[in-house]
Amino acid sequence: MKGGFGSVSVEMDARLVEKVKDRVGHISKVGYVKRVISKKKKPCRRNKQLVPVVPKVLQELFVSCQQVFKGFGTVPSPEEVDRLCHIIDQMKPEDVGLSRELQFFKPGNLVKENLRVTYTTIYKCSNFSLCIFFLPAKGVIPLHNHPEMTVFSKLLLGKMHIKSYDWADPDPSGNISQPSKLRLANLKANTVFTAPCDTSVLYPTRGGNIHEFTAITPCAVLDVLGPPYSKEDGRDCSYYKDHPFSAFPNGETGSDLKIEESDSYGWLEEIEKPENSDMDGIEYLGPSIIKTECVFGHQLVI
């Protein structure tokens, strides 16, 4: 019996030893996990430091556009226009990831026969869009309109000629003497711009709503459109060919314009979409904005 009890005692001692080992092992494993977690946290902190910082001015532009553009049928107030212009005026090429060292801007890498315009979209929603257009030297964005839209344009890089018009008569239906397919337009700009320059603004019925870009050197243009083009909502793009005012004498049009005023006007003829209006879309690779929603006056990250 003693021997039996002795063997039981030995077995119990052995089990106790195993339990102690298990406990020691368990503590060791828990400690290892803690160390692993600790080690994993360090790279996370380093990774956070590697995340590109959104340029303050780009994020400010995005947030302001959310607050200013309220959808179809609305036009920003003068105060809101000033607010956006103040922000956009500060923007530099590097705020959207551009540099004069980009391959696109190196003359030796441009194909002379390829004059197609390229564009990239930073952000787009139903109320507004932020886009960049890249034009090679001699590249053209043909004369086109912006129906029911307010547009802010900023030449970020390059040298560009801009020609723009507004309709002289917003409602041409009453002018029966006007030549067929032609509408009289007031020339608003016929100027060369060199970056950096101030932001230009066009409105639904004024400010040069119909314009044409011709790149003298490779150019990059930031466009803020509110609302953006939408065929579904009746905001499709129309294209035009302009004719000198003198091409149609006053007698044919019944116009009361004086000869000395004629240089400020032209005739616009709506045409089919030109071949050189096709563009290539590319992925936006610049700093990303932090998407937020405005709720009760507060910006919430989404």
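Reply: Two strands count as paired if DSSP finds at least two bridges between them. The model is a predicted one. Three bridges join β1 (residues 117–124) to β12, so with at least two required, they are a pair. The two strands run parallel, and Tyr119 stands opposite Gly281 in β12.

Me: What makes β7 and β12 the edge strands of the sheet?

Reply: The sheet is open and has six strands, in the order β7-β4-β9-β2-β1-β12. Each of β7 (200–202) and β12 (279–281) pairs on one side only. The pairing within the sheet is mixed, and the twist from one strand to the next averages 25 degrees.

Me: Which strands does helix α2 touch, and at what angle does it lie to β9?

Reply: Helix α2 (residues 56–68) packs on the sheet and touches β1, β2 (129–135) and β9 (219–226). Its direction makes about 30 degrees with that of β9. Angles under 35 degrees count as roughly parallel, so this one falls in that class. Helix α3 (residues 78–90) lies across β4 (150–157), β7 and β9, and runs at about 15 degrees to β4.

Me: Why are α2 and α3 called roughly antiparallel?

Reply: Their axes cross at roughly 160 degrees. The cut-off for roughly antiparallel is over 145, and the pair therefore qualifies. The axes come within 9 Å, and the crossing is left-handed.

Me: Which residues make the contact between α2 and α3, and how do they divide by type?

Reply: From α2 come Val57, Glu60, Leu61, Ser64, Cys65, Gln67 and Val68. From α3 come Glu80, Arg83, Leu84, Ile87, Ile88 and Gln90. The division is seven nonpolar, three polar and three charged. Cys counts as nonpolar, so Cys65 belongs to the nonpolar group. Glu and Arg count as charged, so Glu60, Glu80 and Arg83 belong to the charged group.

Me: How do you know that the side chains of His243 and Glu269 make a polar contact?

Reply: The distance is 2.9 Å. A polar contact needs a pair of N or O atoms within 3.5 Å, so the value passes. His243 is in strand β10 (residues 239–244). Leaving aside neighbours within four places in sequence, His243 is in contact with Leu182, Phe248, Gly266, Trp267 and Glu269.

Me: What makes β6 a partner of β5, and what makes it a partner of β11?

Reply: Strand β5 (residues 159–167) and strand β6 (residues 182–194) pair over nine bridges, in the antiparallel sense. β6 and strand β11 (residues 265–271) pair in the antiparallel sense over five bridges. Asn186 takes part on both sides: Asp166 stands opposite Asn186 in β6, and Asn186 stands opposite Tyr265 in β11.

Me: Which values go with the cis peptide bonds at Pro196 and Pro227?

Reply: For the bond joining Ala195 and Pro196, omega is about 0 degrees. For the bond from Gly226 to Pro227, omega is near -10 degrees. Pro196 is in the loop between β6 and β7, while Pro227 is in the loop between β9 and β10.

Me: What phi does Lys138 have, and where is Lys138 found?

Reply: Its phi is positive, about 75 degrees, although Lys138 is not a glycine. Lys138 is in the loop between β2 and β3 (140–144).

How values were computed
Residues numbered from 1 in each chain as written. Predicted model: local features only at pLDDT ≥ 70, side-chain atom pairs only at ≥ 80, totals over all residues. Heavy atoms only, no water. Helix = DSSP H or I, 4+ residues; strand = E, 2+ residues; numbered from the N terminus. Axes fitted to C-alpha atoms, helices over the stretch in contact; angles between N-to-C directions. Contact = heavy atoms within 4.5 Å. Parallel < 35°, antiparallel > 145°, perpendicular 65-115°, else oblique. Left-handed = near helix turned anticlockwise from the far one by under 90°. Polar contact = N/O pair within 3.5 Å; in protein donor to acceptor, adjacent residues only side chain to side chain.
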